[in-house]
Amino acid sequence: MPDHSLAGPVVGDVIHLIAELIENATVFSPPHTAVTVRGELAAHGFAIEVEDRGLGLSEEELTDLNERLANPPEFDLADSDRLGLFVVARLAARHDIRVTLRGSPYGGTTAIVLIPGELVSERTSSEEESDAPQEHDPEPARRMRVVTSD
């Protein structure tokens with residue numbers, strides 16, 4: 001996404017959310033299968049897909065999990081095997097991010113994350129210039145003192 005960026009306050013939560021989804025995809029997939037992560041601008045924001053080629057989920061499980069993602073329940077220690085999705089649901093709710101699970105054509109599961117457009121912005125030319133390599137001053141603003149031990 002070279003010409004777009006996330007709003008600063010959401011970056012950490014989005015990284016955590018995506019990491020949880022990738023972890024779930026890798027943990028619940030056979031080791032020899034691939035997990036694919038892709039993203040692109042969408043009409044209402046930025047969409048990220050995490051797709052695994054594992055065993056997949058039944059329609060009932062998908063319906064139940066999508067309901068939990070849309071309306072996160074209170075934490076229940078008895079349901080700790082779904083802790084990752086609980087964290088995803090809470091992080092998504094914090095920023096009005098939509099997370100939906102669906103079956104993958106490869107037999108696994110695809111998690112779709114839609115980050116709202118108001119959290120994605122086009123980078124300005126000044127931001128692009130600040131990412132460019134800066135020329136170093138020949139003399140540092142503050143001298144460093146090297147201390148060695150005997």
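This is a predicted model: local features need pLDDT of at least 70, side-chain atom pairs count only at pLDDT 80 or more; totals for chains, interfaces and linings use all residues.
Visitor: Where does Gly84 sit, and which residues is Gly84 in contact with, leaving aside its neighbours within four places in sequence?

Guide: Gly84 belongs to helix α3, residues 83–94. With those sequence neighbours set aside, Gly84 touches Glu20 and Asn24, where contact means heavy atoms within 4.5 Å. Glu23 is 61 residues from Gly84 along the chain, yet their C-alpha atoms are separated by 8.3 Å.

Visitor: What makes β2 and β4 edge strands?

Guide: The open sheet has 4 strands in the order β2-β3-β5-β4, with antiparallel pairing. Both β2 (36–42) and β4 (98–103) pair on one side only, and they are the edge strands. From one strand to the next, the twist averages 20 degrees.

Visitor: How do you know that β4 and β5 pair?

Guide: Pairing takes at least two bridges, and β4 and β5 (residues 109–116) have 6, in the antiparallel sense. One of the residues to look at is Val99, whose bridge partner in β5 is Val113.

Visitor: Which helix lies across β2, β3, β4 and β5?

Guide: That is α1, residues 11–27, which runs at about 175 degrees to β5.

Visitor: What puts the charged end of Arg53 over the ring of Tyr106?

Guide: The charged end of Arg53 is 3.6 Å from the centre of the Tyr106 ring. The distance cut-off is 6 Å, and the charge must also lie within 35 degrees of the ring normal. Arg53 is listed as sitting over the ring.

Methods
Residues are numbered from 1 along each chain as its sequence is written. Side-chain values use heavy atoms; hydrogens and water are left out. Helices (H or I, at least four residues) and strands (E, at least two) are DSSP runs, numbered from the N terminus. Axes are lines fitted to C-alpha atoms, for helices over the stretch in contact, and angles run from 0 to 180 degrees between N-to-C directions.
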